[in-house]
Amino acid sequence: MAFGLAGEVDDGDDHGDATAGLPETERFSSAHVVAATRTTTAATATAIHRPDLRQDLEDTSESYFRRPSGDATLLPVHFAWEQLTDSVHRCRLPFCDVTIGVVQGRTGTLLVDTGTTLAEAAAIDHDVRQIAGGPVTHVVLSHKHFDHVLGSSLFAEADIYCAPEVVEYLSSATDQIRDDALHYGADAAEIDRAIAALRPPQRATYHACYQAVVDLGNRAATITHPGRGHTTSDLIVVVPGPDDDDSPLVVFTGDLVEESADPAIDADSDIAAWPATLDRILAIGGPDALYVPGHGKVVDAGFIRRQRDWLKSFGSGR
Ligand SMILES: [Zn+2]
């Protein structure tokens with residue numbers, strides 16, 4: 001179920017394969033190097049420029065959110081949030097259709113990926129406070145690409161988990177990050193501002209790791225690196241329901257799985273290893289998990305199997 005009353009609203013019923021019934025050749029028609037088909041609507045996400053972001057944001061909300069276990073009050077939010085379980089939400093950001101996820105626990109709130117700009121991250125921060133009733137306490141960066149990481153500096157008070165390669169990339173490859181962001185239509189001034197705010201090696205709150213468990217009080221989220229694929233160091237986030245709750249497992253896959261475009265392949269991708277990595281994700285999540293791709297609608301295990309098979313075929317040159 002989605003809570004947006006205006007703007008873009010996902011009906012929330014599309015947890016299955018949106019392309020079911022289509023021949024594979026129609027769904028995964030070709031490999032788009034660096035996902036050239038991704039939708040880019042930069043204006044929507046980067047319309048906030050004034051320094052007092054949170055003050056400004058109060059006047060720019062386009063949707064409303066009602067807490068599942070709260071009263072009937074409608075809370076203004078900036079994005080159309082999709083509820084996956086009682087306390088797990090995600091939304092598809094207008095810019096690049098990138099997913100961010102929110103996992104709420106009794107003692108903390110975990111954010112999966114952080115958006116592209118500080119303005120976008122400020123809007124996310126605002127919305128998370130509305131959804132969870134408090135700030136983001138933990139952040140996972142699924143991988144190093146600009147659309148997932150450049151908002152991270154805004155969450156200065158949170159513990160940030162990412163692969164060591166991400167810390168290295170944010171430290172040493174800002175020219176590449178900037179080029180990628182501008183290639184996809186991001187606002188140059190916003191990107192420069194986000195890059196200038198990056199100070200990962202000096203940040204005591206960065207946890208460079210391939211495996212971690214984040215304790216959120218009444219639940220824990222597991223971060224793991226299932227293998228090489230989209231990049232050398234993608235992390236996934238596995239989220240069971242809270243204690244004494246039979247909610248379905250939610251698996252945030254980052255860009256190891258994409259629904260709204262073909263898998264994004266670049267020089268850092270490992271096509272040969274990628275299918276086995278998807279098999280590991282399927283082994284972790286099982287047949288009934290809700291798999292949340294880095295871009296696109298929530299999918300099921302069958303969709304991931306088809307993406308695995310397509311990658312195998314692509315890797316074998318067929
Ligand atoms: Zn990516």
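Predicted model: local features only at pLDDT ≥ 70, side-chain atom pairs only at ≥ 80, totals over all residues.
**Entry 1, a helix pair.** I looked up helix α7 (residues 174–183) and helix α8 (residues 188–196), and found that their axes come within 10 Å and cross at roughly 150°. Angles over 145 degrees count as roughly antiparallel, and therefore α7 is described as roughly antiparallel to α8. I then checked the hand of the crossing of α7 and α8, which is right-handed. On the α7 side the contact is made by Thr174, Ile177, Arg178, Ala181 and Leu182, while α8 brings Ala188, Ile191 and Ile195.

I traced an open sheet of 7 strands in the order β3-β4-β5-β6-β7-β8-β9, with mixed pairing. The edges are held by β3 (81–85) and β9 (206–208), and because each has a single partner strand, one side of each is left without a neighbour in the sheet. Neighbouring strands of this sheet are turned by 20° against each other on average, direction ignored.

I followed β6 in both directions. With β5 it pairs in the antiparallel sense over 4 bridges, and the two strands form a hairpin with 4 residues between them; in this pairing Gln104 stands opposite Thr109 in β6. With β7 (residues 138–140), strand β6 (residues 109–112) pairs in the parallel sense over 3 bridges. Here I located His138 as the bridge partner of Leu110 and Val139 as that of Leu111.

I next asked which residues of β6 are buried on each side. Thr109 and Leu111 are buried on one side and Leu110 and Val112 on the other, and both faces of the strand are covered.

I looked up helix α4 (residues 118–132), which lies across β3, β4 (88–92), β5 (99–104) and β6, and runs at about 35° to β5.

I finished with Glu157, which lies in the loop between α5 (146–149) and β8 (159–162). Is Glu157 buried or exposed? It counts as exposed, because it has 9 C-beta neighbours inside 10 Å, and the cut-off for that class is 12 or fewer. Glu157 and Val136 are 21 residues apart in sequence, and their C-alpha atoms are 8.1 Å apart in space.

Key
Residues numbered from 1 in each chain as written. Buried ≥ 20, exposed ≤ 12 C-beta atoms within 10 Å, placed from the backbone. Pairing = 2+ DSSP bridges. Axes fitted to C-alpha atoms, helices over the stretch in contact; angles between N-to-C directions. Contact = placed C-beta atoms within 7 Å. Parallel < 35°, antiparallel > 145°, perpendicular 65-115°, else oblique. Left-handed = near helix turned anticlockwise from the far one by under 90°.
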